[in-house]
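Thank you all for coming; I would like to walk through one model this morning, beginning with a charged pair and ending with the question of confidence. Please have the structure open while I talk.

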Amino acid sequence: RDRQRAGGNFRPKRPRTSYSESFNGADSATFGVDLTWYEFTAGNTETKNNRGATVGSGGFVEVRAEHDVSSSNHYAQCSIVTTTDLGGENHQVGPACRFSPSAKTYYTFRWLFNAMTLMKVVSGAYTDLSTLSEAPASRPVTFKVDASGSTIKGFQNGTEKRSVTDTAITGNTRGGVYLYDNVATNIEVDGWTIDDGIIA
């Protein structure tokens, strides 16, 4: 009846199938300009020089885009622009997919100064799934994490680098960025995208 009253043209609104963040805007203490982002450690990320950046504070500074795509089978990617090549694991960064809307839970493919790693984070517990001991390409470099069913893959500049089977994280339809900054030098990312490959 409601459909008849609407002239027969009523259709449920279809969820979006992709979102992107350009960071193209005025410098501010807010991460991103196109989307709404949640900072797990408030105040440790910003928009600077048309990029998303850490503020030089130590520790984990993950951010989540507060927008859902249509499917939990999706990828997230971003360009890693600036980091500092330091020993150990002082700088880490990568796109995150299947991000929980209410917890620090997601998959990421992270850049390190001399390696790249598929990692899962479940309620704040960090577990490496597969590591390639190969120095990443020169920056800027594009990293992508892709989740399809139980298959989780990591790509560098479009080339698959890691693939694992894992069933710990299902159903989530948001994405974000994983960042770990341990010195007073910013990490910068650009061109973040999440896409589930569904044609609207």
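Let me start with Glu 160, which counts as partly exposed at 39% relative accessibility, where partly exposed is the range between buried, under 20% relative accessible area, and exposed, over 50%, with a 1.4 Å probe and protein chains only. Its salt-bridge partner is Lys 153, with the closest N and O atoms 3.5 Å apart, a salt bridge being a side-chain nitrogen of Lys or Arg within 4 Å of a carboxyl oxygen of Asp or Glu. Lys 153 is partly exposed as well, with a relative accessible area of 26%.

Residues are numbered from 1 along each chain as its sequence is written, and side-chain values use heavy atoms, with hydrogens and water left out.

How many salt bridges does a search of the whole structure find? The search gives nine. In one of them, the side chains of Lys 120 and Asp 166 meet at 3.1 Å, N to O. Lys 120 lies in strand β10 and Asp 166 in the loop between β14 and β15, so the pair ties together parts that are 46 residues apart in sequence; strands here are DSSP runs of E, at least two residues, numbered from the N terminus. Lys 120 is buried at 17%, and Asp 166 is buried at 10%.

Another salt bridge joins Glu 66 and Arg 64 at 2.6 Å, N to O, and here Arg 64 is buried at 4% relative accessibility, whereas Glu 66 is partly exposed at 26%. These two also belong to a network of salt bridges with Asp 68 and Arg 174.

Leaving aside neighbours within four places in sequence, the contacts of Gln 156 include Phe 109, Met 116, Glu 134 and Lys 161, contact meaning heavy atoms within 4.5 Å.

Finally, confidence: the mean pLDDT of the chain is 89, and 86% of its residues reach 70 or more, pLDDT being the predictor's confidence in each residue, from 0 to 100. Over residues 1–7, however, the pLDDT is below 50. Where pLDDT is low, the predicted coordinates should not be read in detail.

Terms used
Predicted model: local features only at pLDDT ≥ 70, side-chain atom pairs only at ≥ 80, totals over all residues. Helix = DSSP H or I, 4+ residues; strand = E, 2+ residues; numbered from the N terminus.
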